Amino acid sequence: MRGRRGRSYVPGHEDAEREGRGMSEPTHDGGGERTRGREGTRAAEEGRGAAEPLGGPGALRGGGRQDAGPPGAPGAGSGAGAPGAGEAAAVRAATGTLLYGFALSRVTGAFVRLGIPDALAGTALPADRLAHATGTHEPSLRRLLRAASALGLLTVRPGGHYELTLLGELFRDDPRLRRLAELYGEPAVWRAYGALEDAVRDGGSAFRHAHGTGLFTALETDGPLAARFTGAMGTVTAAQTEQVVSGFDFGGIGHLVDVGGGDGTLLAALLRAYPRLRGTLLERPAALAAAPPVLRAAGVADRCALLEGDFFAAVPVGGGGPADACLLKNILHNFGDDDCVRVLRACRAALRPGGRVLVPALVLPEAGGGAGTQPDAETAVALSDVEMMVLTAGRERTLAEYRALFARAGLALPPGAPPALPGLPHHSMLEGTDGTEHGTREARDGAAVRR
């Protein structure tokens, strides 16, 4: 996403798809049963911030058919007393979402992008008035409304008046869900997922297969897509900010450079939490334009410099001299190994002696290691890695793979497991130092204190 004068790639290296801060931590939060109806869902009542896709893994939501598989579908056992009959029925029920989950997501995306939640804010409307309010074709809208009702987004009152359920309300007043629905309802994103098979066959980016260019290059010329992408990623970062700020001690840092820090949401939270901290936000021009109001709202604008730059070439630090730390959140998983090394080297060059490169990252479990977390968390990890393959040139990595990248850049990770970020399954704070005795001891001692 970074480049001089707003370019999203390094001139002469377009094919490397060096595309900045990409898809955030997994937006696929796994599946969980939801109950349809005006009272909404238990997930909505207990955790309004959850960004679980309606078509996520698990049984179909609401009124969706759970026996959608044809006769003879996997697990379609029959007959009382047959071995594993209950399990077979559950397996068959899951085939509905595996086959039609994309349709649930598309219905939800259209529901939000057409403005239906806004049109029904605090009211109930018949289909004709709703069609007028949303500028849609009434007969076709009725068909979409029927599907949205079956998914638990709407309820139909006497007289054919449509009203939002609690679940539907979430897509009006929860910015994270709304912006994710807008992004995943974006045709450019869906076409990229349609090229997943091509990416698996040849190892390239599915987005490039579908569009002939990388995602972050496309963002420079497609304003609406860029706005939806930036908004969605900002809300995901906001949802994880508390865990990063509270799960790691930034107290020993005087000057922090947030490399590719989006609209400054995370940096603003850190500056508020640490009054003596000074910050520099390095971003592409479009993202920097969104940062000033975020920093002003947090009351920290006077302690943060905003810089444009190409982090493949260099990481500028502003007028404050070398940085104590560079922060790379949701950056490295967008790139191939060689480009990751370039970014890490640029960060290393910006540090004072003994400084650190901090990477809050999803860390893949080692093969056969057994993660010991809930199935939904395992699904989130797997889907995040697939999403990197679809939308970027990068991937999620194991700790051993991260160690190898840091070593190539002249950085060292402390021995042992990195500090975990509570509340974010599989996420840790990777702390790279310049590999000198002083730097390595400083990082190791700091990690021991935090544990």
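Asn330 is buried, at a relative accessible area of 3%. Buried here means under 20% relative accessible area, exposed over 50%, and partly exposed in between, with a 1.4 Å probe and protein chains only. Asn330 is not a glycine, yet its phi is positive, at about 60 degrees. The residue sits in the loop between strand 6 (323-327) and helix 15 (337-349). Helices (H or I, at least four residues) and strands (E, at least two) are DSSP runs, numbered from the N terminus.

The model is predicted: local features need pLDDT of at least 70, side-chain atom pairs count only at pLDDT 80 or more, and totals for chains, interfaces and linings use all residues. Residues are numbered from 1 along each chain as its sequence is written, and side-chain values use heavy atoms, with hydrogens and water left out.

Now the whole chain. The protein chain has 18 helices and nine strands. It has 451 residues, and 50% of them count as buried. The protein chain exposes about 19,200 Å², with 54% supplied by carbon and sulfur atoms. Such accessible areas come from the Shrake-Rupley method with a 1.4 Å probe; for residues, only the protein chains shown count as cover.

Next, a helix pair. Helix 6 (residues 166-173) packs against helix 7 (residues 175-184) at an angle of about 85 degrees, and their axes are 5 Å apart. Helix 6 is therefore roughly perpendicular to helix 7. Angles of 65 to 115 degrees count as roughly perpendicular, under 35 as roughly parallel, over 145 as roughly antiparallel and the rest as oblique. The axes are lines fitted to C-alpha atoms, for helices over the stretch in contact, and angles run from 0 to 180 degrees between N-to-C directions. Helix 6 contributes Leu170, Phe171, Arg172 and Asp173 to the contact, while helix 7 contributes Pro175, Leu177, Arg178 and Ala181. By class, the contact has five nonpolar, no polar and three charged residues. Ala, Val, Leu, Ile, Met, Phe, Trp, Tyr, Cys and Pro count as nonpolar, Asp, Glu, Lys and Arg as charged, and the others, Gly among them, as polar.

Then the cysteines. The structure holds zero disulfides, a disulfide being a pair of cysteine sulfur atoms within 2.5 Å. The sulfur of Cys326 has its closest cysteine sulfur in Cys347, 4.3 Å away, so the two are too far apart for a bond. Cys326 is buried, at 0% relative accessibility. Cys347 is also buried, at 0% relative accessibility.

The loop between helix 17 (399-408) and strand 9 (427-432) holds Leu411. Leu411 is buried, at 4% relative accessibility. Not counting residues up to four places away in sequence, Leu411 touches Leu344, Arg348, Val357, Phe406, Gly432, Thr433 and Asp434. Leu411 and Thr433 are 22 residues apart in sequence, but their C-alpha atoms are 5.1 Å apart in space.

His426 lies in the loop between helix 17 and strand 9. His426 is not a glycine, but its phi is positive, at about 70 degrees. His426 is buried, with a relative accessible area of 16%.

Thr433 leads on to Pro353. The two are 80 residues apart in sequence and 9.0 Å apart in space, C-alpha to C-alpha. Pro353 belongs to strand 7 (residues 351-364). Pro353 is exposed, with a relative accessible area of 66%.

Note on methods: Contact means heavy atoms within 4.5 Å.
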